[in-house]
Amino acid sequence: MQAKKRYILVIICCAFLGYCYFGGYRLKWLQTVFHIRVRRNPDTLPCYHQRHYQYADPEAAHAGADEVPDDELYASPPGLYEPRYHRVEGSPNVRTPDGGGGGANLPVKSCRMETCFDFDKCPDRSNFLVYVYPPEPLNSLGAPPPISQNYQKIISAVQESRYHTTDPERACLFVLGIDTLDRDALSEDFVRNVPSRLQRLPHWNNGRNHIIFNLYSGTWPDYNENGLGFDTGQAILAKASMSVQSHRPGFDVSIPLFHKQFPLRGGNTGFVVSNNFPANKKYLLAFKGKRYVHGIGSETRNSLFHLHNARDLVLVTTCKHGKSWRELQDARCDEDNREYDRYDYETLLQNSTFCLVPRGRRLGSFRFLEALQAGCIPVLLSNSWVLPFQSKIDWKQAAIWADERLLLQVPDIVRSISASRILALRQQTQVLWERYFSSIEKIVFTTFEIIRERLPDYPHRNGLTWNTSPGALLTIPTFSDTPRRFPFLLDTLGYAPGLNYTAVIFVQIGTQLTPNTALYKLVKSITKSQFVDKILILWASDRAVPARKRWPSTGHIPMHIISGSTTEDRPSISQRFYPHEHIETDAVLSLDEDAILNTDELDFAYEVWRDFPDRIVGYPARAHFWDDSKNAWGYTSKWTNYYSIVLTGAAFYHRYYNYLYTNWLSYLLLKTVQQSSNCEDILMNLLVSHVTRKPPIKVTQRKGYKDREGGRSPWNDPDHFIQRQSCLNTFAAVFGYMPLLRSNLRLDPVLYRDSVSNLRKKYRQIELVGS
């Protein structure tokens with residue numbers, strides 16, 4: 001009898017296991033079918049889409065089943081992993097996330113670059129031109145059309161850039177002269193009659209090839225995301241607080257929300273000055289801001305008091321804002337206000353590891369950029385928000401996602417993050433802030449570059465380029481199709497710079513060439529170098545070029561003489577930094593005609609440069625300083641215990657900087673150099689320091705070394721220094737900040753000036769000559 005019971009028990013257990021086994025597959029199959037249906041018809045889901053946890057952008061979420069690695073994902077051209085559907089097909093009224101009907105205010109949801117953008121207007125892929133409509137005529141009262149301070153900054157950024165063209169026939173993209181940033185009808189910056197103004201634009205064409213910038217849409221009480229008040233047609237939206245329901249992947253661009261005092265260019269650097277490990281901050285998670293007792297966005301912020309413990313979690317809110325806050329206040333308002341006043345916002349930013357970034361009335365928040373700048377890792381609490389530039393930026397490296405519906409899990413999420421990942425996240429916040437978000441100019445230029453990469457035949461920068469310093473804005477893909485040709489990526493990729501160097505001698509005075517002149521001796525010293533590839537003579541003097549027989553013999557080293565000419569596009573003094581086709585090596589040795597260097601000095605400086613290929617490495621150094629009496633930057637050649645400039649009269653640098661100097665720098669900077677016939681070396685130093693955020697490197701200088709500013713020459717007079725000081729201040733104004741960085745480092749050869757036999761030293765001539 002007991003045996004039967006055992007058999008029955010075994011049979012029941014086997015049946016149960018079989019049911020679980022086969023039933024489990026059935027459940028998985030149902031889950032897969034449901035997932036497919038959701039992907040094909042996402043509008044059946046509620047407005048809170050949790051597609052941010054696994055992927056940096058919504059396009060990547062649809063490729064999750066294929067397990068695409070991050071590197072390959074970001075290396076792929078835009079559109080490869082974009083959704084294979086359009087949520088709306090030809091529907092004039094679309095239900096929006098906040099429940100409002102879109103009507104005529106909604107953009108065309110089926111728009112793609114292939115259907116709503118005319119590529120024929122962009123025939124020159126290397127020259128992406130943008131036209132800005134001129135201001136509208138004065139009204140009947142003689143008043144100019146209204147325009148906000150921020151929109152004027154956007155227009156100024158475009159008009160003062162290389163993107164700008166005054167010819168609409170050459171333009172690839174059009175920027176409105178009508179302020180569309182604030183479409184809240186209750187705002188003082190709200191511009192009326194936009195639909196009729198758009199129709200009067202001569203090139204509107206239903207918005208094709210136009211871009212519309214917008215920070216605020218909708219108004220009280222629902223703040224309809226699509227409530228712009230006009231039909232955008234086929235225009236590209238560069239919009240803040242954009243949701244996944246309204247965003248058109250591969251067409252629209254999500255931008256950050258920034259305040260009215262945001263700088264036009266330059267901007268403040270990040271607040272992280274040291275990378276302490278582990279980051280011992282006073283607070284783990286912090287937030288200080290408004291909460292809303294009524295209307296959209298209230299639920300999330302009204303629940304934050306549950307997380308506040310006044311120890312490592314500080315999340316304080318106030319309802320004391322707005323005109324009718326007393327009529328709408330709830331029972332907790334007084335207590336919240338008292339707790340709110342206990343903490344200073346800037347102190348919380350500086351002393352918190354994580355900063356909560358909850359949604360407000362709209363999905364975006366000012367706190368997002370404020371947290372990035374402070375190096376406080378953003379914890380995003382805004383479901384369905386399309387993060388700024390997230391089609392290119394991998395936000396997994398700089399931010400943490402949380403779910404508004406699972407608010408109480410936030411403390412556990414941030415406590416579970418390791419110290420090493422916290423360090424990496426904080427470092428990435430500074431990279432992204434400085435390269436893409438610290439000024440309106442960078443935000444606008446990043447938007448343009450994202451659109452530019454969507455053009456056919458234009459080379460694409462991969463995820464590594466976009467998400468590492470110096471970023472995509474300073475990495476011009478037309479220079480090279482391989483990352484190993486960019487100096488700042490060599491160390492990251494584990495590559496070494498190419499062998500040998502090209503010597504470029506800039507001749508501006510052109511004294512008579514004899515065996516005793518400095519130019520003659522300089523060419524002989526270069527010829528003896530074991531690393532030289534070729535010699536390039538840039539003759540910018542009014543005197544005739546000496547006959548070839550008067551030059552010293554260079555043996556197997558080829559020497560090319562290029563006679564310069566002054567043109568508007570290439571100022572004569574900037575010819576030394578032109579990317580000449582003869583320069584094929586990574587290393588460029590820039591020399592003045594009167595530089596006195598021997599072969600050992602050249603070879604040693606080249607060996608140092610190979611270890612620092614992203615910097616300028618050379619001999620003569622100068623310094624900048626802040627002059628309080630004049631409230632301006634000063635320039636000095638005096639011997640100090642620091643330097644910030646290495647003159648290009650005797651220096652090595654990477655040839656990519658020639659390409660940047662010619663094709664990236666503002667025309668205003670180049671015009672300053674052209675008009676002064678001076679300061680090109682200072683400008684090159686500012687450029688390299690701007691790209692690398694590092695100072696140049698000075699190598700051992702002989703006691704008898706002379707350069708242009710050290711003896712009798714046209715460059716050694718008071719007016720020369722005054723002019724260079726003026727240039728320095730002009731350059732800093734155009735950059736928006738001072739890129740130069742100070743250094744106390746000098747690199748000497750091994751055993752330099754040691755009391756040992758000179759035969760034991762590799763670079764013997766450095767000490768023998770001129771000592």
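Y606 is buried, with a relative accessible area of 1%, where buried means under 20% relative accessible area, calculated with a 1.4 Å probe on protein chains only. F652 likewise counts as buried, at 1% relative accessibility. This is a predicted model, in which local features need pLDDT of at least 70 and side-chain atom pairs count only at pLDDT 80 or more, while totals for chains, interfaces and linings use all residues. Residues are numbered from 1 along each chain as its sequence is written, and side-chain values use heavy atoms, with hydrogens and water left out.

A search of the whole structure finds 33 aromatic pairs, a pair being rings of Phe, Tyr or Trp (its six-membered ring) with centres within 6.5 Å, called stacked if the planes are under 30 degrees apart, edge-to-face if over 60 and tilted for the rest. Two of the pairs are set out below.

| Pair | Centre distance | Plane angle | Class |
|---|---|---|---|
| F368 and W385 | 5.3 Å | 75° | edge-to-face |
| Y606 and F652 | 5.8 Å | 55° | tilted |

F368 belongs to helix 11 (residues 367-374), and W385 to the loop between strand 9 (377-381) and strand 10 (400-401), 17 residues apart; helices (H or I, at least four residues) and strands (E, at least two) are DSSP runs numbered from the N terminus.

Because Y606 lies in helix 18 (residues 599-611) and F652 in strand 19 (residues 650-654), their pair ties together parts that are 46 residues apart in sequence.

Definitions and conventions. Buried means under 20% relative accessible area, exposed over 50%, partly exposed in between (1.4 Å probe, protein chains only).
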